[in-house]
Amino acid sequence: MLAVVLVAGAGAGCDGPTRDELSRNAQIYVATVREVLSEQPPPTDPDVLPVVYVVAVGEQEIPAGVQAEVAVALKDDVEVRFADERSEALLDDQDEAPVRDHGVLIAMGAFTPAEGEPVAVGVEVYRSVEDSSKMVLTVGQRSSQWTVTSSSVLPPDT
């Protein structure tokens, strides 16, 4: 089942958490989404937020609280949708199996951030069968927030 985080209830009555108030895991997801979006073409309609599906790879699950934090933090920049399985984000019945709503799918590997220690996050960026890439992002703590400090694109066959 697709787990779409609704922002209205999570941020009612406030502007949502600041970056300093986000959990480390939420900051890592936010930094990853922003990094991936910086490399994507802008939406054709500037009044429509880009759609990003986020799915965990393997046995990892993204806790509901982290999903809510990420959705609130990015609500003005992107429409974030969390999926339990990548197939929920794809239009498998269409040629090239594109992502729903002209979006992008970010499949993230497991990570365990330690206090102040950078983490390597395996990421697949998928738009269609013919348009996908894999990379490793290093996300580190700068001052009081986590940001992408480096990225390495992986060969297509990995």
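Tutor: Helices (H or I, at least four residues) and strands (E, at least two) are DSSP runs, numbered from the N terminus. This is a predicted model, in which local features need pLDDT of at least 70 and side-chain atom pairs count only at pLDDT 80 or more, while totals for chains, interfaces and linings use all residues. Residues are numbered from 1 along each chain as its sequence is written, and side-chain values use heavy atoms, with hydrogens and water left out.

Student: What volume does the largest pocket have?

Tutor: Rolling a probe the size of a water molecule over the atoms shows where empty space is left. On a 1 Å grid over the protein atoms alone, a pocket is an open set of points where a 1.4 Å probe fits, with protein on both sides within 12 Å along at least five of seven lines, and lining residues have an atom within 4 Å of a point. Here the largest pocket has a volume of about 290 Å³ (the space filled by probe spheres set on the points, which are joined across faces, edges and corners). Of its 16 lining residues, P43, T44, P50, D101 and H102 are the closest to its centre. The lining divides into 9 nonpolar, 4 polar and 3 charged residues (Ala, Val, Leu, Ile, Met, Phe, Trp, Tyr, Cys and Pro count as nonpolar, Asp, Glu, Lys and Arg as charged, and the others, Gly among them, as polar).

Student: Which element gives the largest share of the lining of the second largest pocket?

Tutor: That pocket has a volume of about 250 Å³, and of the 16 residues lining it, V55, A56, Q60, A83 and D84 are the closest to its centre. The largest share, 3 residues, comes from β2, although β2 (51–56) and β3 (79–83) each supply at least two. This lining divides into 8 nonpolar, 3 polar and 5 charged residues.

Student: At what angle do the axes of α2 and α3 cross?

Tutor: The axes of α2 (residues 24–38) and α3 (residues 64–74) come within 9 Å and cross at roughly 45 degrees, so the helices are oblique to each other.

How values were computed:
Axes are lines fitted to C-alpha atoms, for helices over the stretch in contact, and angles run from 0 to 180 degrees between N-to-C directions. Angles under 35 degrees count as roughly parallel, over 145 as roughly antiparallel, 65 to 115 as roughly perpendicular and the rest as oblique.
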